[in-house]
Amino acid sequence: MENLETEQRRVRELGFQKLNELESAGKDVSVELLLKCLSNPYQYIHIRAIESVKDYEREDFTIIYGVALNDKCDSVVAEAAAALAKINSDKALEILTNAFFEGDIEPVCN
């Protein structure tokens with residue numbers, strides 16, 4: 001049991017380390033670093049990572065945002081959808097449209 005707890009603590013600490021790197025990198029954050037944060041098992045890391053990069057409108061994040069549409073956390077899905085809409089490229093809109101029509105994301109009306 002102690003080994004499992006130690007491993008979980010190590011993974012969580014590594015997630016926070018990568019998240020700090022991501023937040024410090026600003027718009028120069030690498031695709032690889034964003035992927036590491038979004039693949040961490042802790043949802044808090046996912047939420048903070050997507051919130052940190054959602055406004056960058058980087059075409060190279062399009063596929064990552066598309067994958068994030070399948071996240072368990074609704075706020076990650078919403079931020080990824082909004083980021084894809086901001087990118088507004090043919091590929092981004094195709095991913096967003098497909099996810100919407102396949103039922104992966106729910107429309108939000110204010």
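I am working from a predicted model.

**Entry 1: overall fold.** I counted the secondary structure first. The chain has six helices and zero strands. Read along the sequence, I get the pattern α-α-α-α-α-α. I then looked up the extent of the C-alpha trace, which spans about 45 × 30 × 25 Å along its principal axes. Of the 110 residues, 37% count as buried.

**Entry 2: the core.** Which residues have the most contacts inside the largest nonpolar core? I found Leu22, Leu34, Val53, Phe61, Tyr65 and Leu69, in a core of 29 residues. At least two core residues come from each of α1 (2-25), α2 (31-38), α3 (43-53), α4 (62-68), α5 (74-87) and α6 (90-101). The largest share, seven residues, belongs to α5.

I followed up Leu22. Leaving out residues up to four places away in sequence, Leu22 touches Val29, Leu33, Leu34, Cys37, Ala49, Ser52 and Val53.

Entry 3: I turned to α3. Its buried residues include Ile45, His46, Ala49, Ile50 and Val53. Why do they lie on the same side of α3? They do so because they cover an arc of only 120° around the axis. I also checked what covers the buried residues of α3, and found α1, α2, α4 and α5 among the elements.

**Entry 4: surface and charge.** The chain exposes about 6,900 Å², and carbon and sulfur atoms supply 52% of that. I noted 12 positive and 21 negative charges. Their mean positions are 6 Å apart.

Conventions. Residues are numbered from 1 along each chain as its sequence is written. This is a predicted model: local features need pLDDT of at least 70, side-chain atom pairs count only at pLDDT 80 or more; totals for chains, interfaces and linings use all residues. Side-chain values use heavy atoms; hydrogens and water are left out. A nonpolar core is a set of buried Ala, Val, Leu, Ile, Met, Phe, Trp, Tyr and Cys residues joined through side-chain atoms within 4.5 Å. Buried means under 20% relative accessible area, exposed over 50%, partly exposed in between (1.4 Å probe, protein chains only). Helices (H or I, at least four residues) and strands (E, at least two) are DSSP runs, numbered from the N terminus. Contact means heavy atoms within 4.5 Å. The arc is that of the directions from the helix axis to the C-beta atoms. Accessible areas come from the Shrake-Rupley method with a 1.4 Å probe; for residues, only the protein chains shown count as cover. Lys and Arg count as positive and Asp and Glu as negative; His and the chain ends are not counted. The place of a charge is taken as NZ of Lys, CZ of Arg, CG of Asp or CD of Glu.
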